[in-house]
Amino acid sequence: MRKEDKVIAIEQLSAKLAEYPHFYLVDTTGLNAQQTSDLRRKCFGAEIKMVVVKNTLFEKALEKSETDFSDLYPALVGNTAVMFAQVANAPAKLIKEFAGKNELIKLKAAYAEEGIFVGAQHLSELCAIKSKNELIAEVVALLQSPAKNVVSALQSGGQTIHGVLKTLGERSE
C-alpha cells in the first residue's frame, strides 16, 4: 500500500470516528464468505457500519482523535473489523445474536458511552446498556405514572360522588 493510500485510509477512519460515537472491534477470522455477507446484511439492517481495517492504520486514526484510546491498542492484533454505530448497544446485541449461532465472531474491545471495554467477557454488559431513546421512554413513563394515578383517582372519586348524590336525590322522603 502506498503512503498516499495509507494517509487517505487514516483520514477516512478518523472521519468515521468523528461521525459515530460508539464502535466495537471484532474478530471475524472464522467467517466464510456467506457468513460474512450475512453479518454485513444484518449490520446494514441495524444501521451499523462495518469496516475491515488494518490494525496499524486504525491505531493511527485513534491517535489522531482527541480521546485517549490507548487501552484499545492491545486489542488491535490479528484480523479486525470495526462496527461503528449511533446506538451504544446495537452492535453488542448483533454480536450476541450472531455468536449464538456460531462462535466464529468474537468481541475484542468496544468504545461505548464514553467507556472502554476490552475483552469478550463484557458482551452481556454492553448488551444491557440502554440507548438514549430507551432512557427517555423510561423517564417519561415514570413522570406520567403519578399523574395518571391522580387523574384516575379523581375520575373514580367523581363517579362515586355522583352515584351518592343520584341515590340521595332518588330516595323518597
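How many helices and strands are there in the chain? I get six helices and five strands, taken as DSSP runs (helices H or I, at least four residues; strands E, at least two) and numbered from the N terminus.

Before going on, a note on what I'm using: this is a predicted model, where local features need pLDDT of at least 70, side-chain atom pairs count only at pLDDT 80 or more, and totals for chains, interfaces and linings use all residues. Residues are numbered from 1 along each chain as its sequence is written, and side-chain values use heavy atoms, with hydrogens and water left out.

**Fold.** Along the sequence I read α-β-α-β-α-β-α-β-β-α-α. I looked up contacts (heavy atoms within 4.5 Å): among those between residues at least 6 apart in sequence, 78% join residues at least 24 apart.

**Surface.** Of the 173 residues, 35% count as buried (under 20% relative accessible area; exposed is over 50%, partly exposed in between; 1.4 Å probe, protein chains only). The chain exposes about 11000 Å², with carbon and sulfur atoms supplying 56% of that; the areas are Shrake-Rupley with a 1.4 Å probe, and for residues only the protein chains shown count as cover.

**Cores.** I took a nonpolar core as a set of buried Ala, Val, Leu, Ile, Met, Phe, Trp, Tyr and Cys residues joined through side-chain atoms within 4.5 Å. The largest has 26 residues, and Y24, L39, M83, I95, I105, L107 and L126 touch the most other members. Elements that each supply at least two residues of this core include β1 (22–27), α2 (33–45) and β3 (80–85). α4 gives the most, six residues. I checked I95: leaving out residues up to four places away in sequence, I95 touches Y24, V26, M83, I105, L107 and L123. Apart from this core lies another of 20 residues, among them I10, Y20, F23 and F58.

**Pocket.** The largest pocket comes out at about 170 Å³. I used a 1 Å grid over the protein atoms alone: a pocket is an open set of points where a 1.4 Å probe fits, with protein on both sides within 12 Å along at least five of seven lines, and lining residues have an atom within 4 Å of a point. The lining includes M1, Q12, K16, K49 and F84. α1 (3–19) and β2 (48–53) are the elements giving two or more residues to that lining.

**Loop.** A128 sits between α5 and α6 (132–170). Why do I log A128 as exposed? Because its relative accessibility is 57%.

Methods
Grid points are joined across faces, edges and corners, and a volume is the space filled by probe spheres set on the points.
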